[in-house]
Amino acid sequence: MATVNFTEEQEALILKSWAVMKKDAADLGLKFFLKIFEISPSSTQQFSFLRNSTVPLNKNSKLKSHSMAVFVMTCEAAAQLRKTGKITVRETTLQKLGSVHYNAGVFDAQFEVTRFALFETIKEAVPDMWNEEMKNAWGIAYDQLVLAIKAEMKPSS
């Protein structure tokens, strides 16, 4: 994968916003996923632990732990982007992410929904910091993560 041109200013915006959000990662992760499901209710069917669950989404402990892990991984990958020039998630994790997304039938439109939900979550978490430059920085980082996941989207071997 090619090295990403991610400026010092963009990195600073990500680091500054992530520093504020990190302490609320559990709540923000859940908000992030609830936004995804609000936009695309059928997306819940892609999660085995939600398919037959009668527990409300905002009370589902498996969703809470999953959403926090995904939110933290996304933000940490964004925070590392300039230092490494690429998405840094352990290779095994990227392969697993690719495989899981492939098997769940995730397609481009869902990555776009997730992008929008991420922006909305960050904008609500740090409203005084949110601006076009920050949106662009998070957009570049998210797009790089999606490219890395898509590169691994193939049947499990």
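In this predicted model, ring pairs join Trp-18, Phe-32, Phe-33, Phe-37, Phe-47, Phe-49 and Phe-71 into a cluster. The structure holds eight aromatic pairs. One of them is formed by Phe-33 and Phe-47, whose ring centres lie 5.9 Å apart. Their planes stand at 75°, so the pair is edge-to-face. Phe-33 belongs to helix α2, whereas Phe-47 sits in the loop between α2 and α3 (48-51). The pair therefore ties together parts that are 14 residues apart in sequence. Both Phe-33 and Phe-47 are buried.

A tilted pair is formed by Phe-119 and Trp-130, because their planes meet at 55°. The ring centres are 5.8 Å apart. This pair links distant parts of the chain: Phe-119 is in helix α6, and Trp-130 is in the loop between α6 and α7, eleven residues apart. Phe-119 counts as buried at 7% relative accessibility. Trp-130 counts as buried at 17%.

The largest nonpolar core has 39 residues. Ile-14, Met-21, Phe-71 and Trp-138 have the most contacts inside this core. Two or more residues come from each of α1 (8-21), α2 (25-39), α4, α6 (108-125) and α7 (132-151). Helix α7 gives the most, with eight residues. Beyond residues up to four places away in sequence, Ile-14 touches Phe-6, Ala-78, Ala-79, Ala-137, Trp-138 and Ala-141.

Thr-74 lies in helix α4 (residues 61-84). Its relative accessible area is 7%, so Thr-74 is buried. A polar atom of the Thr-74 side chain lies 2.8 Å from the backbone oxygen of Val-70. Neighbours within four places in sequence aside, Thr-74 is in contact with Leu-118 and Leu-145.

Key: Residues are numbered from 1 along each chain as its sequence is written. This is a predicted model: local features need pLDDT of at least 70, side-chain atom pairs count only at pLDDT 80 or more; totals for chains, interfaces and linings use all residues. Side-chain values use heavy atoms; hydrogens and water are left out. Helices (H or I, at least four residues) and strands (E, at least two) are DSSP runs, numbered from the N terminus. Buried means under 20% relative accessible area, exposed over 50%, partly exposed in between (1.4 Å probe, protein chains only). A polar contact is a pair of N or O atoms within 3.5 Å; within protein, one must be able to donate a hydrogen and the other to accept it, and residues adjacent in sequence count only if both atoms are side-chain atoms. Contact means heavy atoms within 4.5 Å. A nonpolar core is a set of buried Ala, Val, Leu, Ile, Met, Phe, Trp, Tyr and Cys residues joined through side-chain atoms within 4.5 Å. Rings of Phe, Tyr and Trp (its six-membered ring) pair if their centres lie within 6.5 Å; planes under 30 degrees apart count as stacked, over 60 as edge-to-face and the rest as tilted.
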